[in-house]
Amino acid sequence: MARPKRNLLATAQETSSPPATLDEGHAIARVRTAEGQNLYAVELPSNTKPLLVELPSRFRSQIWIKRGGYVVVDTTAFADRDNKLDGEIVNVVRDEREWRKQSYWPSEFDKKSSYPADSDEEESHVGKMPPSDDSDSGD
C-alpha cells in the first residue's frame, strides 16, 4: 500500500529549509557513494575516514540522494549498538544555497572555483599561431 500524500509533503517540507541550529551530535556530511540498500558512505569535514550511515524509512523512496550531495548525520544514533553503522541520516540538504548561508556550514565544504587562482597569470594560447622555429628552414 502506498504512503499517504500528506507524509510525502511533510517530508518534503521538512527538508526544504535549513534549521536555525544543529542539534548535539548532528553534523553536515558529503555523500561519497551509495553502499547498498539505504546505506551511504559519507565524509565529515574533519574526518578522512568515510562513515557508513543509514537512510531512515521516512526518506526511502521519497527523497533521492546523489553522490556529492549533502546530508545531516546523527553520529550518536547507533552509539549504543555494536554494528558497522556509524550514524543515521536525519535530514537531506535540498536547497544547498540556503544551507551554505547558515553559520554552522563547514568551511571545508565551501564551493571552490573551478579555475585555479593563478590561471590569469599564465598566458593564454587560444587563437594564436604556434611558435615558429627558425631552425626548421631546411637549408
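The model is predicted, so local features need pLDDT of at least 70 and side-chain atom pairs count only at pLDDT 80 or more, while totals for chains, interfaces and linings use all residues. Residues are numbered from 1 along each chain as its sequence is written, and side-chain values use heavy atoms, with hydrogens and water left out.

The protein has 2 helices and 5 strands, in the order α-β-β-β-β-β-α. These are DSSP runs numbered from the N terminus: helices are H or I of at least four residues, strands E of at least two.

Of the 139 residues, 30% count as buried, meaning under 20% relative accessible area with a 1.4 Å probe, protein chains only.

I turn to the cores. A nonpolar core is a set of buried Ala, Val, Leu, Ile, Met, Phe, Trp, Tyr and Cys residues joined through side-chain atoms within 4.5 Å. The largest has 15 residues, and Tyr 40, Val 42, Ile 65, Val 71 and Ile 89 have the most contacts inside it. Strands S1 (26-36), S2 (39-43), S3 (51-54), S4 (70-74) and S5 (87-92) each supply at least two of its residues. Apart from this core lies another, of 9 residues, including Trp 99 and Phe 109.

Finally, Asp 74 lies in strand S4. Asp 74 is buried, with a relative accessible area of 13%. Leaving out residues up to four places away in sequence, Asp 74 touches Gly 25, His 26, Asp 86, Gly 87, Glu 88 and Val 90.

Note on methods
Buried means under 20% relative accessible area, exposed over 50%, partly exposed in between (1.4 Å probe, protein chains only). Contact means heavy atoms within 4.5 Å.
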